[in-house]
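Work through these exercises with the sequence and the 3D view open. Try each task before you read its solution.

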Amino acid sequence: MLAEGHIIGWHQGRMEFGPRALGNRSILGDPRNPLMQATMNLKIKFRESFRPFAPAVLADKSSEIFSINESNPYMMIVGHVDEAWRNPLRKQRNHSVDLTC
């Protein structure tokens, strides 16, 4: 469903509180879709379209991907993505998002 462009709400286990989804509740979308971030922000989160999303990464792989060498269980620390894992920035196009639900 993700590969087809669908957005999925996921929940499991106990309820969470706070600004970050820490595994028990998440909204999932295909990061390869250039419209996904704007669609999620505008149609689901009802917030500005520029806000970024956090990836889910296994804890034992995080030091390979990010410049953080400490535990970050509450996603309150920002680290740079290692050069080997970065995708080159594409020229921004004026994408329009259909806001009809």
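Of the 101 residues of the protein, 10% count as buried. Buried means under 20% relative accessible area, exposed means over 50%, and partly exposed lies in between (1.4 Å probe, protein chains only). The model is predicted: local features need pLDDT of at least 70, side-chain atom pairs count only at pLDDT 80 or more, and totals for chains, interfaces and linings use all residues. Residues are numbered from 1 along each chain as its sequence is written, and side-chain values use heavy atoms, with hydrogens and water left out.

**Exercise 1. Confidence**

Task: Find the mean pLDDT of the protein, and where confidence is lowest and highest.

Solution.
Step 1. Start with the term: pLDDT is the predictor's confidence in each residue, from 0 to 100.
Step 2. The mean for the protein is 77. Of its residues, 75% reach 70 or more.
Step 3. Confidence is lowest in H1, with a mean of 83. It is highest in strand S1 (residues 8–11), at 87.
Step 4. Keep one caution in mind. Where pLDDT is low, the predicted coordinates should not be read in detail.

**Exercise 2. The fold in outline**

Task: Count the helices and strands, then give their pattern along the sequence.

Solution.
Step 1. Helices (H or I, at least four residues) and strands (E, at least two) are DSSP runs, numbered from the N terminus.
Step 2. The protein has 2 helices and 2 strands.
Step 3. Along the sequence the pattern reads β-β-α-α.
Step 4. Now look at contacts, meaning heavy atoms within 4.5 Å. Among contacts with a separation of 6 or more, 30% join residues 24 or more positions apart.

**Exercise 3. Helix H1**

Task: Which residues of H1 are buried, and which strand is included in their cover?

Solution.
Step 1. H1 spans residues 36–44. Its buried residues are Met-36, Ala-38, Thr-39, Met-40 and Asn-41.
Step 2. The cover over these buried residues includes strand S2 (25–28).
Step 3. Look past the helix. Phe-46 follows H1 and has a positive phi, near 55 degrees.

**Exercise 4. Asp-30 and its partner**

Task: Is Asp-30 buried or exposed, and which side chain does Asp-30 pair with in a salt bridge?

Solution.
Step 1. Locate Asp-30 in the loop between S2 and H1.
Step 2. Asp-30 has a relative accessible area of 9%, so it is buried.
Step 3. Setting aside residues up to four places away in sequence, Asp-30 touches Leu-2, Ala-3 and Met-36. Met-36 is also one of the buried residues of H1.
Step 4. A salt bridge needs a side-chain nitrogen of Lys or Arg within 4 Å of a carboxyl oxygen of Asp or Glu. Asp-30 forms one with Arg-32, and the closest N and O atoms are 2.8 Å apart.
Step 5. Check the partner. Arg-32 has 62% relative accessibility, so it counts as exposed.

**Exercise 5. The other salt bridges**

Task: How many salt bridges does the structure hold? Describe the pairs that include Lys-61 and Glu-83.

Solution.
Step 1. The structure holds 3 salt bridges.
Step 2. Glu-64 and Lys-61 meet through their side chains at 3.8 Å, N to O. Glu-64 is partly exposed at 43% relative accessibility. Lys-61 is partly exposed too, at 37%.
Step 3. Arg-86 pairs with Glu-83, the closest N and O atoms being 3.2 Å apart. Arg-86 is partly exposed, at 43%. Glu-83 counts as exposed, at 59%.

**Exercise 6. After helix H2**

Task: Where is Trp-85, and which residues does Trp-85 contact beyond its neighbours within four places in sequence?

Solution.
Step 1. Trp-85 lies in the segment after H2.
Step 2. Leaving aside neighbours within four places, Trp-85 is in contact with Glu-64 and Ile-65.
Step 3. Trp-85 and Ile-65 are 20 residues apart in sequence. In space they are 6.5 Å apart, C-alpha to C-alpha.
Step 4. Ser-71 is also found in the segment after H2. At 60% relative accessibility, Ser-71 counts as exposed. Ser-71 and Ala-59 are 12 residues apart in sequence and 8.3 Å apart in space, C-alpha to C-alpha.
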